[in-house]
Amino acid sequence: MSKTPWLPLIEQQLKENPKSTTYAFSTLSEEGNPKVRFVIHRGITPNALLLTTTDTRMSKPKHISHSPTVEIAWWIEATNVQFRITGKAVSIPTPSSSSIQEAIKTLGVDGLEEGSEKWWEDKRKELWGGVSGHLRAGFGRPTPGKKLDEVEGSDKWPETIPSESDKPDEQKTIDAAYDHFAIIAIAPEAVEYLELKPIPNRRTQWKRKDGGEWEETKVAP
Ligand SMILES: Cc1cc2nc3c(=O)[nH]c(=O)nc-3n(C[C@H](O)[C@H](O)[C@H](O)COP(=O)(O)O)c2cc1C
């Protein structure tokens with residue numbers, strides 16, 4: 001069996017359905033309540049961590065630092081398959097604001113390619129360059145979730161910003177937005193693959209064992 005048996009299945013699904021990049025991402029609030037929302041899949045690292053991004057001021061980073069176990073549900077409509085992935089997540093903001101070493105330990109990638117602060121800052125920069133200017137601008141706007149009548153007029157917020165600029169004023173705006181941009185990395189511990197096209201349907205589960213190998217179980221759908 002391959003080192004990460006479920007990974008080629010996700011890769012194949014994404015190859016066939018490159019637009020199916022939205023999944024439901026569930027965390028636990030500080031009060032212990034489940035919270036779920038959609039996020040965009042932004043990539044898979046060399047050692048099979050799933051990546052998405054967020055604003056450091058949203059709830060996800062707080063939830064994860066309090067309770068790192070998360071679950072995602074990813075339905076690929078065209079092929080009618082679902083991945084349910086449970087794992088440990090960390091948020092990786094600007095290096096000056098947190099200890100990336102702790103995140104690396106939580107993800108279990110110490111000594112691996114993703115095991116350095118530089119790797120993560122390079123990745124954060126790459127992802128920042130890859131999102132739309134409209135999305136980037138959101139990171140410079142008032143704190144998400146704040147009451148609208150407590151923030152400055154929305155006509156003053158830039159609609160779009162580039163990833164970098166040679167104009168000092170514009171670069172200042174970009175730096176402020178980039179400071180709020182964080183990666184969320186998920187280290188899967190259990191994966192379930194549900195195939196709804198074949199009759200009878202098929203459901204396959206993998207669980208990561210202590211040594212890092214994956215144990216496969218086929219279950220009744
Ligand atoms: C299709 C879709 C994609 C989204 N992608 C993201 C994303 O990649 N990252 C993100 O932080 N929020 C994304 N959102 C917004 C979140 O669902 C959510 O509203 C927001 O992040 C605030 O959530 P939180 O305060 O619980 O963290 C997306 C929403 C939709 C509908």
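**Note on a predicted chain: fold, core, ligand shell and backbone**

1. Ser67 is partly exposed, because 14 other C-beta atoms lie within 10 Å of its own. The scale used throughout this note calls a residue buried if 20 or more other C-beta atoms lie within 10 Å of its own, exposed if 12 or fewer, and partly exposed in between, with C-beta atoms placed from the backbone. Ser67 sits in the loop between helix 2 and strand 5. In space its C-alpha atom is 7.9 Å from that of Ser29, while the two residues are 38 apart in sequence.

2. Basis of the note. The model is predicted, so local features are reported only at pLDDT of at least 70 and side-chain atom pairs only at pLDDT 80 or more, whereas totals for chains, interfaces and linings use all residues. Numbering starts from 1 along each chain as its sequence is written.

3. Overall build. The chain has six helices and nine strands; these are DSSP runs numbered from the N terminus, helices being H or I of at least four residues and strands being E of at least two. The C-alpha atoms occupy a box of roughly 60 × 40 × 35 Å along the principal axes.

4. Of the 221 residues, 25% count as buried. Among contacts with a separation of 6 or more, 58% are between residues 24 or more positions apart. Two residues are in contact here if their C-beta atoms, placed from the backbone, lie within 7 Å.

5. Nonpolar core. The largest nonpolar core has 38 residues, and Leu49, Ala89, Val90, Ile92, Leu107, Ala185 and Ile186 touch the most other members. Two or more residues each come from strand 1 (22–28), strand 5, strand 6, helix 3 (100–107), helix 6 (168–178) and strand 7. Strand 7 supplies the largest share, nine residues. Such a core is a set of buried Ala, Val, Leu, Ile, Met, Phe, Trp, Tyr and Cys residues joined through C-beta atoms within 7 Å. In soluble globular proteins, nonpolar side chains tend to be buried together. Val90 illustrates the packing: leaving out residues up to four places away in sequence, Val90 touches Ile64, Pro68, Ala103, Thr106, Leu107 and Ala185.

6. Ligand shell. There are 13 residues around the ligand, with Arg37, Val39, Thr54, Met58 and Ser59 coming nearest. Strand 2 (34–40), strand 4 and helix 2 (59–66) each give two or more residues to this shell, and strand 2 gives the most, with five. A residue is near a molecule if its C-beta atom, placed from the backbone, lies within 6 Å of it.

7. Annotation. An unreviewed UniProt entry lists residues 4–91 as "domain: Pyridoxamine 5'-phosphate oxidase Alr4036 family FMN-binding". UniProt positions are given in the numbering used here, with feature names shortened, and annotations may be inferred rather than shown by experiment. The span 4–91 is 20% helix and 47% strand, and its end C-alpha atoms lie 23 Å apart.

8. Thr52 is found in strand 4 and is buried, with 24 other C-beta atoms within 10 Å. Apart from neighbours within four places in sequence, Thr52 is in contact with Phe25, Val39, Ile40, His41, Arg42 and Ile184. Glu150 lies in the loop between helix 5 (133–138) and helix 6, and is exposed, because 8 other C-beta atoms lie within 10 Å. The C-alpha atoms of Glu150 and Gly130 are separated by 32 Å, at 20 residues apart along the chain.

9. Backbone points to check. Most residues other than glycine have a negative phi, and most peptide bonds are trans. Ala48 has a positive phi of about 65°; Ala48 is in the loop between strand 3 (43–44) and strand 4 (50–55) and is partly exposed, with 17 C-beta neighbours inside 10 Å. Asn80, with phi near 55°, lies in the loop between strand 5 (69–76) and strand 6 (81–92). The peptide bond from Ile199 to Pro200 is cis, with omega near -5°, and Pro200 is in the loop between strand 7 (181–195) and strand 8 (202–208).
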